[in-house]
Amino acid sequence: MPSSLYGDEGFLINAAPKGKVKKMQNTDKYSVGYFMPPETDMEWIKQDRLTKAPQWCSVDLRDGNQALIVPMSLDEKLEFFQYLVKLGFKEIEVGFPAASDTEYEFLRTLIERNLIPDDVKVQVLTQSREHIIAKTFEALKGAKKAVVHLYNSTSYAQREQVFKASKEEIIEIAVSGAKLMDQYKEKDTEGTEFQFEYSPESFTGTEPEFAAEICNAVIDIWKPTAENKVIINLPSTVQMSMPHVYGQQIHYMHKNLHDRENIVLSLHPHNDRGTGVADAEMGMLAGADRIEGTLFGNGERTGNVDIVTLGMNLYTHGVDPGLDFTDMPDIVAHYEKFTNIKVHPRQPYGGQLVFAAFSGSHQDAIAKGMKFREDRGSHKWTVPYLPLDPKDIGREYEADVIRINSQSGKGGVAYILEHNFGYDLPKKMREEVGYMVKNKSDHEHKELRPDEIFDLFDEEYINVFEPVDITDATFKKISGIKEGGMKVTIDVDIDGKTYNLSAEGNGRLDAVSNALRKSPYNFEYEFVTYSEHALESESDSRAAAYVAISDKNGWIYWGVGLHDDIIFASVNALVSAVNRMNRISHFVK
């Protein structure tokens, strides 16, 4: 680089880009690839929330696994399957058994080891080819419940470019596959309870009228009943539109499918435009009953819809998602173990930092909201900036909510000291302590852990006994003179010399102050405020006391005293404040 770009300190200067910002080229290359339904109805979108959870189907072991750089081993897939069962999934897609020996072996292992609970359905994929369908049913022998998922691509682009086939030819592919599945179902002698599913793959690029036509052709063959419903799955194989358009497409299908009362309308949103969750929520508002997705949205390209986010979104609106997300850290740990993919720290609900507040104003609002809820004994969660109680998903306030860095404020630091260590700082003290901690974080360019914050506070304020240290104090009430009058005798070390001093005062601290003033040193200060509290709830707990004094210039100095006896805690607090004042003004004889 030319040396003229650098200043004396070696920093790059005057290097900002000049001229016009380069514009994206070739925008005329792109146009929409989706189709709006011939009829639109906006009534469904007037609902302001979802009121029940969908049927969930995990596709972590199929879509999720095939998206991994290193797919899972058999043992890993078996462990992941059992973990998904533990979370509450009743439908789990386990693979494409006719396409891979590995996936065939996985399914057979689940069946032969009796690892599939009676109330869980395994789901398998198949194309509309007889040898593939035959091997699929072979792989399922002995399973108690199974969903056989038939699919073929229906989009305009695929018909024109890939298959070079007419609509009628595409329908024939689906119909022939549906008929073959019926035939093989009748041949099965193992007592498996089958449910059939059909997907017009690449639905989002398919004309809605054609999607309805091909789905209805399959429905008419399978003849669903209330006891044996058919799943019609409408995948957003590649996202092409804004979520409300997908919602309109789903609503059109909801209104135009045959035997709708015996159809489970399912969605399989991907995330190419980053709106997989929004697509799923719009689709459910529009009439869908079921969701296929993965934990944390793992999947090809930008991934599948994130079931954790969807489920927790329902939870924060008061709807039971039907899945166990009460230990989110454990779910994150298992997901990262199985996939070797890290959950982003800002990933909704699961990320390490999703509840973290660094901003001072946010911390103050959270702390006050927590206190408001505690004071009122409220069950309802209304704390500002926190969409849910972190404890509901296994997170801790102390470790996850209030995080301290150079952007933090007094409220956050005070919250940490109170909730982690029991120190309830006086309001007027919080700003000073907050700035001390903030400056430390700013200087060291790092977040401060709770223990580091306490160490700073402890070193600066608690039981500061240098150069003044009152080693003993004896109090005696003064009778007959004034209410609360006290006489004190103290032993005090000052700069290495010991003094025995006595004085009277309006109370204990006033008497101690008067005694200190009898020393050879010039202690010039006035009391500003005093407060105290038990540090712990046990009867033998320690006490914390807080004293503020001001010097002749009006500067305030705080001290904190800690002792088993509240009287000596208050004395220690005064001594700490006096010693902190000495650091600046220095005592003189």
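Begin by selecting Lys135 and Tyr104: Lys135 lies over the face of Tyr104, at 5.2 Å from the ring centre. The model on display is a predicted one.

Next, select Lys185 together with Phe196. Here the charged end of Lys185 sits over the ring of Phe196, and the distance to the ring centre is 5.4 Å.

Now turn to the aromatic pairs. A pair of aromatic rings is described by the distance of the centres and the angle of the planes. The count for the model comes to 14 aromatic pairs. One of them is formed by Phe137 and Phe194; this pair is tilted, with 5.1 Å from centre to centre and 55° between the planes. Colour the secondary structure to see what the pair connects: Phe137 belongs to helix α4 (residues 130–139) and Phe194 to strand β5 (residues 193–201), so the contact ties together parts that are 57 residues apart in sequence. Are these two residues, Phe137 and Phe194, buried or exposed? Both Phe137 and Phe194 are buried.

Move on to Tyr423 and Phe454. Their ring centres are 5.8 Å apart and their planes stand at 35°, so this pair is also tilted. Tyr423 is found in the loop between α14 (410–421) and α15 (427–444), whereas Phe454 lies in helix α16 (residues 450–461); the pair therefore ties together parts that are 31 residues apart in sequence. With a relative accessibility of 3%, Tyr423 counts as buried. Phe454 counts as buried as well, at 17% relative accessibility, because the limit for this class is under 20%.

The next stop is a sheet. Select β12, β13 and β14: these 3 strands form an open sheet in the order β12-β13-β14, with antiparallel pairing. The edges are held by β12 (526–534) and β14 (556–563), each of which has a single partner strand, so one side of each is left without a neighbour in the sheet. On average, neighbouring strands of this sheet are turned by 15° against each other, direction ignored.

Zoom in on strand β13 (residues 543–550) and β14. The two run antiparallel and are joined by 8 bridges. Which residue of β14 is the bridge partner of Ala545? The partner is Gly561.

Helix α15 lies across β13 and β14, and runs at about 100° to β14.

Key. Residues numbered from 1 in each chain as written. Predicted model: local features only at pLDDT ≥ 70, side-chain atom pairs only at ≥ 80, totals over all residues. Heavy atoms only, no water. Phe/Tyr/Trp six-rings, centres within 6.5 Å; stacked < 30°, edge-to-face > 60°. Helix = DSSP H or I, 4+ residues; strand = E, 2+ residues; numbered from the N terminus. Buried < 20%, exposed > 50% of the residue type's maximum accessible area, 1.4 Å probe, protein only. Lys NZ or Arg CZ within 6 Å of the ring centre and 35° of its normal. Pairing = 2+ DSSP bridges. Axes fitted to C-alpha atoms, helices over the stretch in contact; angles between N-to-C directions. Contact = heavy atoms within 4.5 Å.
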